[in-house]
Amino acid sequence: MMKFLGRRYRLILPIWALLLGGLLVFQYAPSMKSSPAHAQSSRYRLSRLYYLSRVIFLINKHYVDQLQITPQKMFRQSLEMIQSTVPSVMVRFAKDGKSVTVAVDKASKTFKLQAFPLIFSVPYQLRSIFSFIEANYKGDVGQRKIEFAAIHGMLKSLDPHTSFLPPSFYQDMQMHTRGSFGGLGIVIQSRKGYLTVVTPMPDTPAARVGLKALDRIVRIGDESTINMSLNEAVNKLRGAPGSKVEIWVQRKGFSQPKRFVITRAIINVKSVSSNLLPSKVGYIRIKNFQQDTAPDIRRALLSFHKSSKNRLRGLILDLRDNPGGLLSQAIKVSDLFLDRGVIVTHAGGLSRREVHRAHAFGTEPKYPIIVLVNRGSASASEIVAGALKNHNRAIILGQRTYGKGTVQVLYPIMPPRYAMRERSALKLTVAQYLTPGDISIQKIGIAPDIRLRVTNISKDSVHFFGSDERKLEKKKLPRYLKGVAEGRSELYSLSYLDERSDKERAESYREDYKKNEKLKMDFEMKLAQKLILSTKKWHRPRMFKALEKKLNQVRDEQAKLIHKALKKAGVVWDNSSKGETGKPKLSFSYKILPPKKRKKGERAPRGNRVYAGSSFRIQVKVRNRGKRTAYRVRAMSSSNYWFLHRKEFVFGKLRPKQSKRWTVNVKLPLWLKTQYHSLAITVRSHNKDFKLKKSIKLRIMGAKRPRYDFSYALEEIRGNGDGLIQPGERFALRVTVRNSGAGKSYQTIGMLKNKTGRELFIERGRIQFGPLQPKQLSTGWFYLRIHPYTQRKTIKMQVSLFDAELHTNVRRQLVLPVAPTGLRKQKLKSWVKVKEESAWLYSGADFGTPRVGRVSKGARLKVMAQLGSFFQVKLSSKQWGKIPPKKARRHNPTWYAWVAARDVDKKAKGTRRYKPKYKLYWQAVTPQIVVRTSRFPKTTRSEKFVLKGTVRNNVSLLDTYILVNGNKVYYRALRNIPKLTFSLPIKLKKGTNRIQIVARENTQFAGLKELFIYRRK
């Protein structure tokens, strides 16, 4: 047989056999009975590549296009993803691609790379690298997460719809597609740290026991829900049908939380909602396609026929913002309205082809159907719309759909015996969808027959022609999609004026679960109803011909409304050029102007220099220097930032030598960093006589950032007063925050999160520290209690401080010891004097409790009690900064601390007037990062830039690393070093370059410095 093979394949076959044999041995290694291997198989090991090897196997067997699999690229991207996920890992590929150097913390090793003839070469060459990482990595990122990161990076080389689902995501997807689960029947959100009921669903356990909207669930079982993540809360509330869950609810009017015991039941999340309109037109909305979608639609149609006495005038099928779902349900829904023909073709990568056809049995009678779609309609919803359109069964109304034309199959990955709950899955692209006529919709979407363009015209903003700017001709199909691209354009185009307020538009997207709520009809639904009532034709071309008169009437009505609104804004929107010769010749200029009314604290622009958190106006002036009138002149901005993108300037009719101005208001968010930003303005006309483009070079000045340090101590509210955490006691965690940065904090918020479990119960986990000027302090209290029967030796909490407007935040994990019960302090009234150079003040009568301050030599302290070798002393509260008023506090704190007997002289004398001076100890000081650069936006023409700076901290740093445009370019492990000076040459790309410098004191506490450098072309 070998003589029939070329030389190339004779070389590949032995490699294939070797790698496949090695893979099979690797996959079945955990099941071997030898004692050493069996002993090691009881725990997860990164070097086994358990999940990754199975993902490789599935890709090789099922992926839609084998030619798109590039093993070398997959290998490279898997290591790059690990590097971005794990701070202490650095990866450097040699220029010739024959080796890679991997550094883990302070250890480093170079690995020689072989060729990548097959996809199985990827795990073969990753195994030795993973063994090195496994042996040297000591950080807080779990090894399983490292393997998951490698898989995520590897899949990036395929297509955007292929993805790996870790266990938690896989469980959520299963729940989503099934459409039912064991739960309570409530929609919940996290609002200001509280788990809040949005609304109870009708006929569910939650509704039957009397839960109401805006109820706060403060406790689930024995656990506090304060600052609990939404996913964690949902997992605790869901469970087996018939099981019970105990919750405590705080409601307005309740003096204390009320206990509810609720029995879980099967909660069916309906994907279909239906209404029969008064004119005997049916309306069905499909939110997504799940297991019960087609049966629910059939039941709704039967109800329509019964209620209308079999005289149904037509159907509106609403697929707007439908992301898709199960392919089988999309086929069944399409089959309800088609009696013959291809619904969809399922075309695989290896010439596999499966055709799904419609059947005559059970098909609905012939009546007009209009399908509503928009840019949020994707996947399965596009299959239904495409099938009904291409078989001339319905008219499609709305905007062009999303354009997802590939098939994904979910392959569960069974975990090894020692991690049976860690079940994950691979969502793999195995084929493409082709709508009838072998038309591919990937990246193209389905063009509506009647395209609707929404127009909003108000004093502050105009959205008039933005939807015209979409260029579909640039979208190319991947090479594995061999279908015919959708080339047909819309049959009709209609612009309409949306007169709703911003609030009303936002509420239209809100999911509502209230029973028997009246259907809210928007313009698209009303238009579809009018069109159905205007004809009895059901065949798409005939139906459209019968509707043209009605469409023209609606277009004229809307044109008058739009022109009236534009005229009110000073714009003449004519398009009459009869008898005119020549061409218009336009020029335009721009200005950056201050706002008409400047708010307190806002800074006016200076030239092209604008300030974060402030407003300004962009004024565009257009002049017609030609001999012919220009009609429907408009301009639009283009930017990478959403708040600067698609700003519209409307000028309308411009006669020869006439000029017009249009001004747009812009509000820059406060979180913007100092940077140089290029904003493009394009001017054009309706009849495409001209197109002009200019760039506005904005110099954005970012606000100075605060930097948070904090000190914490425990205050007993119900306990024996020794300052030690003991079972059954109630505490206040006092947190004092200091702004040590150069800028103001606008609204500092503190949050406390439970990292212990049911043994720790948080009563209050959110503090409003308010605005903090540089060097200003503020104090607040979290409230918590310890379970009376806890056996834990430590409790873990996470303190987070952040400013939501500036996007500045720090977090640190606190680990505090739990002391045994039975300790009692002895009351004592005396004075002590510090005899050493200085003495530490502790939160409790133990060296393991937090240090809260330091007292200098000779200071006299008033003693209140003694416990073992510690004295309790009374302090002044003046050093704690701003303190909330009594009404905002749950207790009146007395400022105490504990000092070790070895550090003081017991025979000291004092007076009540004496107030000891002590220095507050900051347990958490954010590392300071100083970069040598201008305070103005940095621009350069050079490809190379030398980044110089210094990192400082009050204690030793763990490490420092630098990212440039998301890629790690520098890592330095530090031990017992509080200061680092760096000088790093970096390579800049054209345009904006984002540089992030991270200095970590430990895995839970870090400082961040971010700057932007613009490289001009």
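Mentor: What follows starts with confidence, moves to the salt bridges, and ends with a helix and a glutamine.

This is a predicted model, where local features need pLDDT of at least 70, side-chain atom pairs count only at pLDDT 80 or more, and totals for chains, interfaces and linings use all residues. Residues are numbered from 1 along each chain as its sequence is written, and side-chain values use heavy atoms, with hydrogens and water left out.

Confidence comes first. pLDDT is the predictor's confidence in each residue, from 0 to 100. The protein chain has a mean pLDDT of 84, and 86% of its residues reach 70 or more. Residues 1–41 stay under 50. For that stretch the model has 36 contacts beyond four places in sequence, a contact being heavy atoms within 4.5 Å. Residues 467–477 are also below 50 in pLDDT. That stretch has 24 contacts in the model beyond near neighbours in sequence.

Now the charged pairs. A salt bridge is a side-chain nitrogen of Lys or Arg within 4 Å of a carboxyl oxygen of Asp or Glu. Searching the whole structure gives 25 of them.

Take E763. Its side chain meets that of R730 in a salt bridge, 2.9 Å from N to O. E763 lies in strand β38 (residues 760–764) and R730 in strand β36 (residues 730–739), so the pair ties together parts 33 residues apart in sequence. Helices (H or I, at least four residues) and strands (E, at least two) are DSSP runs, numbered from the N terminus. Burial uses relative accessible area: buried is under 20%, exposed is over 50%, and partly exposed is in between (1.4 Å probe, protein chains only). E763 counts as buried because its relative accessibility is 18%. R730 is buried too, at 17%.

E763 also meets R785 in a salt bridge, at 2.8 Å from N to O. R785 sits in strand β40 (residues 777–786) and E763 in β38, so this pair ties together parts 22 residues apart in sequence. R785 is partly exposed, at 26% relative accessible area.

Strand β38 also holds R764. A polar atom of the R764 side chain lies 3.5 Å from the backbone oxygen of W781. The C-alpha atoms of R764 and S224 are 9.4 Å apart, although 540 residues separate them along the chain.

Another pair is R1000 with D959, whose side chains form a salt bridge at 2.7 Å from N to O. R1000 is in strand β58 (residues 991–1002) and D959 in strand β55 (residues 959–964), which links distant parts of the chain, 41 residues apart. Both R1000 and D959 are buried. Salt bridges that share partners also join D318, R320, D522 and E524 into one network.

Next, helix α12 (residues 380–390). Eleven of its eleven residues are buried, so the helix is largely enclosed by the rest of the structure. The buried residues include E382 and K389. Just after α12, N392 takes a positive phi of about 55 degrees.

Last, Q675. Q675 is found in strand β33 (residues 675–684). Its relative accessible area is 2%, so Q675 is buried. A polar atom of the Q675 side chain lies 3.1 Å from the backbone oxygen of K673. Leaving out residues up to four places away in sequence, Q675 touches Y641, L698, R699, I700, P937 and F1012.

Key:
A polar contact is a pair of N or O atoms within 3.5 Å; within protein, one must be able to donate a hydrogen and the other to accept it, and residues adjacent in sequence count only if both atoms are side-chain atoms.
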